[in-house]
Amino acid sequence: MNNDEFERFVLMSGKDILRFCRMTAGDVEDGDELYQDTMLKLLEKKKKLDSEQNTKSYALSTSIYLWKNKKKKYANRMKLVPTDSIEQMSDEGYEVSDHNNTVSPEHIVLQQDEIDMIQGFVASLPEKYRIPIYLYYSADMQIHEVSEILGLPEGTIKSRIRKAKKQLKEKLEAIGYDR
């Protein structure tokens with residue numbers, strides 16, 4: 001892959017990868033850092049990348065690998081030097097884009113609260129369910145692509161997405177959410 005092809009790739013897939021990184025990290029700053037690390041890793045390997053292959057899948061796999069490594073390092077550090085409190089990760093920075101100017105500010109705030117609540121529920125899912133949900137819905141990937149990235153059979157991916165959706169439905173119904 002040459003510089004022009006890499007630049008086209010970043011322009012076409014960069015937003016999806018950034019959104020996935022932010023959702024995976026659960027925080028805008030950590031997500032941005034993960035995105036930068038992912039792009040740096042891809043830039044280092046750009047000569048080995050083939051623009052004919054699915055570079056987006058490779059980029060998402062790389063971000064998952066980097067995120068898991070970071071979590072392992074953090075967990076090991078916490079074993080060595082525990083801290084009294086760890087700040088909760090929060091989903092910030094996701095704004096509702098509304099092209100219709102007739103929507104009231106109250107409605108926008110309520111929509112944002114609803115989005116934050118649902119993102120919080122998704123973030124609370126176990127990692128084995130959360131990652132396929134993020135890849136499928138936020139990175140707009142097909143089941144077979146998610147299967148490739150995670151190195152799992154397609155049936156397993158479908159099952160995990162179905163179980164995640166069931167858990168989310170139960171959580172939403174428990175708080176009286178019906179949409």
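User: What is I161 in contact with, leaving aside neighbours within four places in sequence?
Analyst: In this predicted model, I161 is in contact with P132, I133, Y136, Y137 and I143. Contact means heavy atoms within 4.5 Å.

User: Where does I161 lie, and is I161 buried or exposed?
Analyst: I161 lies in helix α7. Its relative accessibility is 7%, so I161 counts as buried. The cut-offs are under 20% relative accessible area for buried, over 50% for exposed, and partly exposed in between, with a 1.4 Å probe and protein chains only.

User: How far apart are the C-alpha atoms of I161 and P132?
Analyst: They are separated by 6.4 Å, and the two residues are 29 apart along the chain.

User: What angle do α5 and α7 pack at?
Analyst: About 100 degrees, with the axes of α5 (residues 127–138) and α7 (residues 154–174) 9 Å apart. The two helices are therefore roughly perpendicular to each other. Axes here are lines fitted to C-alpha atoms, for helices over the stretch in contact, and angles run from 0 to 180 degrees between N-to-C directions. Under 35 degrees counts as roughly parallel, over 145 as roughly antiparallel, 65 to 115 as roughly perpendicular, and the rest as oblique.

User: Which residues make the contact?
Analyst: From α5 they are K128, Y129, P132, I133, Y136 and Y137, and from α7 they are R160, I161, K163, A164, K165 and Q167. By class, that contact has seven nonpolar, one polar and four charged residues. Nonpolar covers Ala, Val, Leu, Ile, Met, Phe, Trp, Tyr, Cys and Pro; charged covers Asp, Glu, Lys and Arg; the others, Gly among them, are polar.

User: Stay on α5. Which of its residues are buried?
Analyst: Y129, R130, I131, P132, I133, Y134, L135 and S138.

User: What should α5 span at 1.5 Å a residue?
Analyst: Its twelve residues should span 16 Å, and the end C-alpha atoms are 15 Å apart, which agrees. The expected span is 1.5 Å times one less than the number of residues in the helix.

User: What follows α5?
Analyst: D140 does, and it has a positive phi of about 55 degrees although it is not a glycine. D140 lies in the loop between α5 and α6. At 57% relative accessibility, D140 counts as exposed.

User: What does L152 touch?
Analyst: Leaving aside neighbours within four places in sequence, L152 is in contact with S147, I157 and R160. L152 is found in the loop between α6 and α7 and is partly exposed, with a relative accessible area of 25%.

User: Switching to α4. Which of its residues are buried?
Analyst: Q112, Q119, F121 and V122. The buried residues of α4 pack against α5 and α7. α4 has 19 residues and reaches 26 Å from its first C-alpha to its last, close to the 27 Å expected.

User: What about I118?
Analyst: I118 is in helix α4 (residues 105–123) and counts as partly exposed, at 28% relative accessibility. Not counting residues up to four places away in sequence, I118 touches L172 and Y177. The C-alpha atoms of I118 and L172 are 8.2 Å apart, for residues 54 apart along the chain.

User: How many helices and strands are in the protein chain?
Analyst: Seven helices and zero strands. Helices (H or I, at least four residues) and strands (E, at least two) are DSSP runs, numbered from the N terminus. Of the 179 residues in the protein chain, 36% are buried. Residues 24 or more positions apart account for 66% of the contacts with a separation of 6 or more.

User: What is the mean pLDDT?
Analyst: The mean is 80, and 83% of the residues reach 70 or more. Over residues 81–101 the pLDDT is below 50, and beyond near neighbours in sequence this stretch has 28 contacts in the model. pLDDT is the predictor's confidence in each residue, from 0 to 100. Where pLDDT is low, the predicted coordinates should not be read in detail.

User: What are the ground rules for these values?
Analyst: Local features need pLDDT of at least 70 and side-chain atom pairs count only at pLDDT 80 or more, while totals for chains, interfaces and linings use all residues. Residues are numbered from 1 along each chain as its sequence is written, and side-chain values use heavy atoms, with hydrogens and water left out.
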